[in-house]
Amino acid sequence: MVRDERTCLVEIKFTTRELDLMAVLWERGASTVAEVQERLGDDALAYTTVLTILRTLEEKGYVGHTQEGKAYRYHTLVGRECAGASAVRRLVQKMFQGSPELLLTHLVSDRALSKEDLENLRGMVDERLSSKE
């Protein structure tokens, strides 16, 4: 089930709008439909649209709710790290022929990375290599 935060092995897929709402719940914590809509700002989505997306996320097992008076307060059932891990696995499979090395090569060759960013990446790789010994 998606709730297994220890392994994060289940493939998690969000539409762009679903991801927008999940980001609000991850940042804000448990929220009502009105609170999620407000956080999205600029009246980006109608109340009923936010409600529909939250219900869809609940059907998929990604969020749950508790009743608070007449309102529901929605909360995540899958963590941001697990969703991110699933997205990266899917990206590696679809864009980089299943090769994490190709992804890393792409990241390292990106001109937008500063020297500090590259040194941080090197440190992470070095740390991972030393933990494998």
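Contact here means heavy atoms within 4.5 Å. The model is predicted, so that local features need pLDDT of at least 70 and side-chain atom pairs count only at pLDDT 80 or more, while totals for chains, interfaces and linings use all residues. Residues are numbered from 1 along each chain as its sequence is written, and side-chain values use heavy atoms, with hydrogens and water left out.

**Exercise 1.** Determine whether arginine 73 is buried or exposed, and list the residues with which arginine 73 is in contact, leaving aside its neighbours within four places in sequence.

*Solution.* Begin with the location: arginine 73 belongs to strand β2, residues 71–76 (strands are DSSP runs of E with at least two residues, helices runs of H or I with at least four, both numbered from the N terminus). Next, arginine 73 counts as buried because its relative accessible area is 16%, where buried means under 20%, exposed over 50% and partly exposed in between, with a 1.4 Å probe and protein chains only. Then, with neighbours within four places in sequence left aside, the contacts are Arg28, Ala30, Ser31, Thr32, Glu35, Gly64, His65, Thr66 and Glu68. Finally, the side chain of arginine 73 makes a polar contact with the side chain of glutamate 35 at 2.8 Å (a pair of N or O atoms within 3.5 Å, of which, within protein, one must be able to donate a hydrogen and the other to accept it, residues adjacent in sequence counting only if both atoms are side-chain atoms), and the side chain of arginine 73 also reaches the backbone oxygen of alanine 30 at 3.0 Å.

**Exercise 2.** Find which residue forms a salt bridge with arginine 90, and state where the two partners lie.

*Solution.* The partner is glutamate 11, with the closest N and O atoms 3.9 Å apart (a salt bridge is a side-chain nitrogen of Lys or Arg within 4 Å of a carboxyl oxygen of Asp or Glu). The pair links distant parts of the chain, since arginine 90 is in helix α4 and glutamate 11 in the segment before α1, 79 residues apart. Arginine 90 is partly exposed because its relative accessibility is 22%, and glutamate 11 is likewise partly exposed, at 46%.
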